[in-house]
Amino acid sequence: MTVSQTSFGSHEPVLEIKDLTVKYRGDTRSTTAVDRVSFSIGVGEIFGLAGESGCGKSTIANAIMRLLRDPAEISGGSIRFGGRDVLSMGSEELRRFRWQDVAMVFQSAMNSLNPVMTIGDQIVDIYTTHAGYSRKESLRRAAELLELVRIDPARLKSYPHQLSGGMRQRAVIAMAVALKPSLLILDEPTTALDVVVQQEILAQIKELQHELGFSVLFITHDMSLMVELSHRMAVMYGGRIVETARAKHIHTAPQHPYTQALMGAFPPLTGPRVPLTGLPDGVKFSNIADLREVSPGHFVSPLPVLQGAQP
Amino acid sequence: MTSSIATTASTVSGETLAGSRPGNPVGLMPDGGGALPPQGSVRQPNRTLLHGLLTNKKAMAGTAILLTFIALALFAPLLFPDNPSKITGMASQEPDAEFWLGTTAKGQDVLALTIHGARSSLLVGLTVGFASTFIGILVGLASAYFGKFIDEALSLTTNVFLLLPGLPLLVILAAFLPPGLGTVILVLVVTGWAGSARVLRSQALSIRSKDFVAAAVVTGERPMRIMFREILPNMASIVMGTLLACIIYGIGAQAGLEFLGLGDVSTVSWGNNLYWAGNEGALLTGSWWVFVPSGLCIALVAFSLSLINYAVDEVTNPRLRKIARRKIQTTKPVAAGKRGAA
Amino acid sequence: MRFILRRLGFYLIAFWVSITLNFLLPRFMPGDPVSRMFARTQDRMQPEQIEALRRLLGVDDRPLWEQYIGYLHNMLTGQMGVSISRFPTPVTEVIASQVGWTLLLGGTALVIAAVLGNLLGILAAWRRGGAIDSALPPILIFIGSFPYFWLAMGALYLFGVTLGWFPIRHAFSDTIEPSFSWEFMSDVGMHLVLPALTIVLVSVGGWMLGMRNTMIATNAEDYITMAEAKGLRPGRIMFRYAARNAMLPSVTSFGMSLGFVVGGALLTEVVFAYPGVGYQLLNAVQGLDYPLMQGLFLTITAAVLLANFLVDILYVRLDPRVRSN
């Protein structure tokens, strides 16, 4: 496997994934959701993972934090974080690893907040568990945290349903950076939000990243957002990475036909309007080969046999 | 009610299921069932339900117990041709070679009473079960299909009936009506239909909001056809669960009613056997063989029905069977579907 | 607040329905059971008592609506007539003297069963496939399949008659004068064990399975994943995140199942001759005491409705989403 290209920023990657394979085991057959995926994220780097829904990107996110439950299971490969083997952590080590080292912003903020606890209590939980602060101290810090994402600290006493969608997502982001983790996973953080709020949230993340210096694994199917935010990115299809390179390289010169189709499926944020093109109906890729370097730092899966445009 | 908790239990789980269980259980549809035409989505779950039940140990054990009792009830007149109430032996005899289950304080054969008792108990239980479920289906479908005022009125009635405490209501109804089997059945249906109506309504409502029902409405299908051909078949598992719970209720509540002396004390049934056992002081004289068999039979029948009910839940709600599947909805079906289609 | 008012309105309707049912039953049922009752008891009564009972039970020449208004008025002011089986005590007095015992028995059993069952359900769902999850449900379903009164008979026979561990009848021994002494209280406690145990045994399975199934659904929610990702301790996630949410439907069914549990408690009382309303109900049935039967029905209904209302208030405290609406 090939992908150990130089990471952005530092030579020691924060996160290093090698040949990760995740299977969903069914009653009669199992499905491989993530198939021999390798990538690494450097210190302070924003790494994007793109692909259509169901391609396995969220599964990777959950695998990194070891949140997968039956019937999903990691059946091969390794996940290393700051030199530590995540897959062999004991339960107490894993519990501390979660949120202190890697935090995650989930897809739907409404569903990822406990509906019967105040925002404040849900932040306090983090501090009392991980930092051992008193409740009073935790509340003070929680208020600071909300201010950091520009939410009125009075909202500490609010329940999730009393906040707007954007506010909820910002509260979740605040929670995610509470312990200053070195990696932040963003799993489609803006999917459920309207465009204006989307932009606010992304600006917020950029600002926090600038301030706190964490690395980001950014997962989305929205290519224009991804290109805008990421340093490097990978495109996934059917559980495999088909192309990975610097975001601007993929933006300007996508190599794999699937990447090209994805790039064509979203309007550019700026510039003239162009007709959108997607993948033609019926085109499928199978037996995606391992990545090969086509130019420095740009890896592409060699062009598969097209089984397209049938029957 | 005597067996109420079984009813409550399944009502509780039924409620949760109605919320979490989609019209077509995702786990049972191989590849992306969303776009299937109504016909496909109508038939498939029912066939898989049957198949699932046939391969489920709990369901098979439950069915075996139930069939045994039905067979005993059917063949009771052949096994014990005499009137079971007839006094055939000494009073309060312990079980022996002649009377396998001993005799009552009057000297009746307990085994004969128990086997003949199955007839009335099963008859009443099944009748009450089917009638209550039928009413529940009608109310549930009407509520879901017509909505608005009709739904409001029906829900209010259902909820009021659910709230009125069952046993006291049974007692005053049974006390004012002329005693007899018909009264027992009528009274049990009156007190038992509301639970099933509530569960079936919530399920019918969720199916009513599905696109294929909207399509049927738009294409001008008659209301009756929509209710019974489009909505009802998709509720098969819930209807089945409700039916089982109602039968359990019927058998248990009949026994409770009869135990209070509000049934027709001249018929032979498990509840009446227990009534007489209590009246003749079987407990205080230590004649355990008089009251144990009938109670055990009620419990076994109710247990067998619970087993089947439990199996229906397991088959139709993969979550209860497998350890919680979570991310699977967002990742697996599409990936699998795409590849399968390629 | 609107939620509470709506529920209150609903309970008032339910109460009105039960009064109306009481009013209609003796007037429209075939066979005229009321005359039978009068035939049996007339000679013991004063003429004005007979007249009052006639009116109560519909042997009355006034137009129906006039009867109905009078009846509603009587019920709402607590005039439920005199008991036949305990003549000439008014029905309200008979009920008042017994309702406490039922509350004691039913309340104790219900609370124990609900707390125990829900805890077991939480544990079973949390450790899917563990010992509690695999062994208990079938056992509890089996026990729950027995009629309340039959288990009561079994418990009475085994622990009362054969082993002699617990008293078999009544709520306290005749030899002890009721007082707030330790002696009397422990005697009451001993009398409570078997009937309460019966009710707990039959009903605990329902609570457990209900809670288990809701917990399983709740455990699949995103906020549980998030809580796990937050690296919280398992106990915290289990109770504060999962169980705290899963208990909401459980609270609702608590109210709903009250009616059932009351029924079971009544039958249990009959077996143990426990002097509560259930035992009284049996006496009323055997003595053709229609006024008492009706009074008991109404009282029990009112109690169940009130309990449901209290549960609603609790629910509002537990679910912030309802509170703000």
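How many bridges join β3(A) to strand β9 (residues 232-237) of chain A? The legends below describe close-up views of a predicted model.

**View 1. Strand β3 of chain A and its parallel partners, β8(A) and β9(A).** Between β3(A) and β9(A) there are 4 bridges, and the two strands run parallel. Within β9(A), A:R232 is the bridge partner of A:F47. β3(A) also pairs with strand β8 (residues 215-220) of chain A, in the parallel sense and over 5 bridges. Here A:L49 has A:I219 of β8(A) as its bridge partner.

**View 2. Burial of strand β3 (residues 46-50) of chain A.** The strand is mostly covered, with 5 of its 5 residues buried. One side of β3(A) carries A:I46, A:G48 and A:A50, and the other carries A:F47 and A:L49; all are buried, and both faces are covered.

**View 3. An open sheet of 4 strands in chain A.** The strand order is β2-β1-β4-β5, and the pairing is antiparallel. β2 (30-41) and β5 (84-85) are the edge strands, each pairing on one side only. β5(A) is joined to strand β4 (residues 72-81) of chain A by 2 bridges in the antiparallel sense. A:D85 in β5(A) is the bridge partner of A:R80.

**View 4. The contact between chain B and chain C.** Chain B contributes 53 residues and chain C contributes 64 residues. On the side of chain B that touches chain C, several helices each supply at least two residues, including α5 (148-163), α10 (236-259) and α13 (288-316). The largest share of this side, 10 residues, comes from α1(B). By residue type, this side of chain B has 35 nonpolar, 15 polar and 3 charged residues.

Notes
Residues numbered from 1 in each chain as written. Chains lettered and ligands numbered in written order. Predicted model: local features only at pLDDT ≥ 70, side-chain atom pairs only at ≥ 80, totals over all residues. Pairing = 2+ DSSP bridges. Contact = placed C-beta atoms within 7 Å. Nonpolar A, V, L, I, M, F, W, Y, C, P; charged D, E, K, R; others polar. Buried ≥ 20, exposed ≤ 12 C-beta atoms within 10 Å, placed from the backbone.
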